[in-house]
Amino acid sequence: MDENNDRIIRHGGISRIFHWVMAGCITTLLATGLLPILGVNFEWIEPHWIAGLLLTVAVVIHILRSLAPKKLKAMWVSISDVKQFIAGKGKVRGGKYSLEQKMMHHGITFFSIISLVTGWLMLFKIDGPFWERDPFIFDAGTWGVIYVCHGISTLFFISFIMMHIYFSLRPEKAHYLRSMIKGWLTKEEYEENHDPDRWEV
């Protein structure tokens, strides 16, 4: 944590770049995957898998960066987090991240991995620049499971984006949106919403 002119750094530059790259990739994947189903015809396959490739790289790098002990501790959901949330009826000064933010992060990580794994498997059904299609690599039942899992992750991302935008635009949460753009919180916002003893990194 750095303090400068009553500003507390919450997100460094690299973290903010990763956030917006991943947001752009997920939005592109949803648009290219859903608009053709809604009747908007365009060449969607290539931008779809390219966005998937970029998201894969971003997720892998993010996971590797998150393996540092302090970063894992900052995002880990503990029993004390849950107990304090229940006792405080949701009004709890958490560490760097609140219980809700941690749960949302874990959810997006879980469904990102499902979406990416199933998406890469689905590439066997198309010709690419470095591979030839082989739709018979799996039987019909396996393809069905792959498509269902990919579809479920898509539904989650739609819900996630709606919730994420809704809460980020609420006036009382505006400081979190600003911190993801500019990186900082004011000292007053920090003290009101965070417990300094639990601010792990």
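This is a predicted model: local features need pLDDT of at least 70, side-chain atom pairs count only at pLDDT 80 or more; totals for chains, interfaces and linings use all residues.

Colleague: How are the planes of Phe156 and Phe157 arranged, stacked or edge-to-face?
Modeller: The structure holds 9 aromatic pairs, and Phe156 and Phe157 form one of them, with ring centres 5.9 Å apart. Planes over 60 degrees apart count as edge-to-face. The planes of Phe156 and Phe157 stand at 65°, so this pair is edge-to-face.

Colleague: What is the angle between the planes of Phe156 and Phe160, which also form an aromatic pair?
Modeller: Phe156 and Phe160 are 4 residues apart in helix α6 (residues 140-169), which means that about one helical turn separates them. Their rings lie 6.2 Å centre to centre and are stacked, the angle between the planes being 20°.

Colleague: Is Phe160 buried or exposed?
Modeller: Buried means under 20% relative accessible area. The relative accessibility of Phe160 is 12%, so Phe160 counts as buried.

Colleague: Which helix holds Arg178, the residue that forms a salt bridge with Glu189?
Modeller: Side chains of opposite charge can pair when their charged atoms come close. The side chains of Glu189 and Arg178 meet at 2.6 Å, N to O. This pair links distant parts of the chain, 11 residues apart, with Glu189 in helix α8 (residues 187-193) and Arg178 in helix α7 (residues 174-181).

Colleague: What relative accessible area does Glu172 have, given its salt bridge with Arg170?
Modeller: The closest N and O atoms of Arg170 and Glu172 are 2.5 Å apart. Arg170 is partly exposed, with a relative accessible area of 29%, and Glu172 is also partly exposed, at 40%.

How values were computed. Residues are numbered from 1 along each chain as its sequence is written. Side-chain values use heavy atoms; hydrogens and water are left out. Rings of Phe, Tyr and Trp (its six-membered ring) pair if their centres lie within 6.5 Å; planes under 30 degrees apart count as stacked, over 60 as edge-to-face and the rest as tilted. Helices (H or I, at least four residues) and strands (E, at least two) are DSSP runs, numbered from the N terminus. Buried means under 20% relative accessible area, exposed over 50%, partly exposed in between (1.4 Å probe, protein chains only). A salt bridge is a side-chain nitrogen of Lys or Arg within 4 Å of a carboxyl oxygen of Asp or Glu.
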